[in-house]
Amino acid sequence: MATVALPRSPAKHAAATGPTRRRRRWTGWGFAAPFVILFLVFSALPVVASLGFSLTDIRSTDLRNPLSVNVIGLDNYTRLFSDALFLRSAVNTVVVVVVGVPLTLIIAMAAANALNSGLIRLRALFRVGFYLPVVTSIVAIAVVWRFLLDPQAGLVDNLLRLVGIQGPNWLGDTSTALPSLIVMTAWRNFGTMMVIFLAALQGIPATLYEAATLDGAGRWQQFRSITLPLLRATVLFGAVYTGIGYLQVFEEPFVMTQGGPLNSTLSVSYHIYNQFGFGNYGYAAAASYVLFVAIVALSVLQFRLLRERD
Amino acid sequence: MAVTDTAAPPSAGPGAGGSTVRGRDRTAKIILYAILVLGLLVVVGPFLWMALSSFKPEAEIRASPPTWWPRTWTFTNYRDLFARLDFPVYFTNSVVVAVLVTLGNLLFCSLLGYALAKLDFPGRRAVFLVVLGMLMVPGMVLFVPQFVLISNMGLANTYAGLVLPFLAGPFGVFLMRQFLLSIPDDLLEAARVDGAGEWRIFWQVVLPLCRPALATLAILTFLTSWNNFLWPLVVATTADKYTLPVALALFSIGQHRADYGLMLSGAVVVILPVLIVFLVLQRHFMRGIATTGLK
């Protein structure tokens, strides 16, 4: 290991065709095997097993007694779509995606454009600051935000009180709980897309803007007719990437609202987790596959949209 | 937006017209700075409030009107966290799990990444496609069968159970393969001509060249593992195996739901190591995003 000098042996070099090549094929698998084995057992197998589970009535009590598991076909799936709680969680999750994704992208786009508009001096500072929430634990952030939004002691309502407004009980009211979570989620996640947008913006040649300025186009007009069209693919990628993340929203309601009040913040992931907690493994697996299909559908949609226009 | 819409046509001579344009540019710049600083306050403010409040006594955290700077500094929250609650244990668990997961990914992902980028073996394309496809599979789909598997292996509530499903992640393979593709084949061929075996080439030629990619992978894996929540929540059934996020989440919705100071200092303990790593090594993050298009 320690010797870096490589011994020379011209004899081997001459024979580096037939047998060496075949040996190299096995060497390839030698390198791949450790990962592939772990991957098959702990990732690939579970993907298939999850689908299998979803077609059975497996429960936590069957762990020690696998023979008592019955195949029940699509029963879990039909039950899911008549389960009021699941439907509620699906609606909540769709709201998070449909409202949260545009909100996140708009903030990210605004921040990226602001940082790209010739203000070089402090760009690194702002970029790091805006990106900061992305790398921190959602659980810790959710704990902090739960206290920030507390109606009595929370900073937000305290600040509102200073200007004479009685703030709502953000997380305790069915009409404000989900919007609060969405705003917090956008606050946490826009940094990723900001960095990606910033990279894309820097790839747009400055001459385009110069020409547009000569033609008398204002900043907003330039944004509409130069920046947005050129960033279309990036925005689409961002929408899908962010949407896939938001489809799985879990920690925020878990820590901040426990799905309440009155299930107004129950997400699909949270519902799956709860069903798992009740021991309904087959049912939880079925719900997780529905979520999986939604994620795949979103990705496929992206590819189609990209192909259509390009 | 409407304000900046009316850009004057620059056909006028470079006299008075130029100075008004510059004047408007300065106004625009000031407005821009103001918005950015306000935005920074909104983003960083909660972190500052968390950090400062963790040093306040409970009553001051709840005071109305609120204080920013602590009137009374106290370490009671942190003392309670480490003496009354078992945060040293959770901290250790988080470190052990994150370190093992990181080492596993560095090793296994660079091995497979090298094979995929530089070696020709049967099934190479299939392996790559399947691993890539796994990037799309959410943890929510995996955790139920993973739990059944780990339980049947007798590994529930153990370090092995916490670590095993994350030792070989698809993201690292993708990252390492991308990087390794940029290493010229001639270099490897030269080593082969010199008679070095594939293993030796990997350890002595390839890995040293991969240092930047390995650094990026190590940082991103460590952080992902440190922040990971669902799996440790499911597998760690007794408190002695909780990781930091699990302990913080369960305490904050359980017996300590009203202990603001305690939970805020807990959040500081979860966030601080990540914050330090991020601030010191932030160029690696930006590179990670740049190479792969995602975190």
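**Figure 1. Helices α5 and α9 of chain B cross at roughly 45°.** In this predicted model, the axes of α5 (residues 87-118) and α9 (residues 170-181) of chain B come within 8 Å. Axes here are lines fitted to C-alpha atoms, for helices over the stretch in contact, with angles from 0 to 180 degrees between N-to-C directions. Helices are DSSP runs (H or I, at least four residues), and strands are too (E, at least two), numbered from the N terminus. α5(B) and α9(B) are therefore oblique to each other; angles under 35 degrees count as roughly parallel, over 145 as roughly antiparallel, 65 to 115 as roughly perpendicular and the rest as oblique. On the α5(B) side, look for residues including B:Asn105, B:Cys109 and B:Tyr114, which meet a set in α9(B) including B:Val173, B:Met176 and B:Arg177. The contact has nine nonpolar, four polar and two charged residues.

Some notes on reading the labels and values: residues are numbered from 1 along each chain as its sequence is written, and chains are lettered from A and ligands numbered from 1 in the order in which they are written. Local features need pLDDT of at least 70 and side-chain atom pairs count only at pLDDT 80 or more, while totals for chains, interfaces and linings use all residues.

**Figure 2. Helix α6 of chain A meets helix α15 of chain B.** The axes of α6(A) (residues 138-148) and α15(B) (residues 260-280) come within 9 Å and cross at roughly 150°. That makes α6(A) roughly antiparallel to α15(B). Among the residues making the contact are A:Val143 and A:Phe147 from α6(A), and B:Leu264 and B:Ile271 from α15(B). The residues of this contact divide into 11 nonpolar, no polar and no charged. (Ala, Val, Leu, Ile, Met, Phe, Trp, Tyr, Cys and Pro count as nonpolar, Asp, Glu, Lys and Arg as charged, and the others, Gly among them, as polar.)

**Figure 3. Chain B touches chain A.** Here 92 residues of chain B are in contact with 90 residues of chain A, contact meaning that C-beta atoms, placed from the backbone, lie within 7 Å. Helix α2 (residues 16-53) of chain B gives the largest share of its side, 12 residues. That side has 70 nonpolar, 13 polar and nine charged residues.

**Figure 4. Chain B has 16 helices and zero strands.** Its average pLDDT, the predictor's confidence in each residue from 0 to 100, is 86, and 88% of the residues score at least 70. Over residues 1-18 of chain B, the pLDDT is below 50. Where pLDDT is low, the predicted coordinates should not be read in detail.

Note on methods. Contact = placed C-beta atoms within 7 Å.
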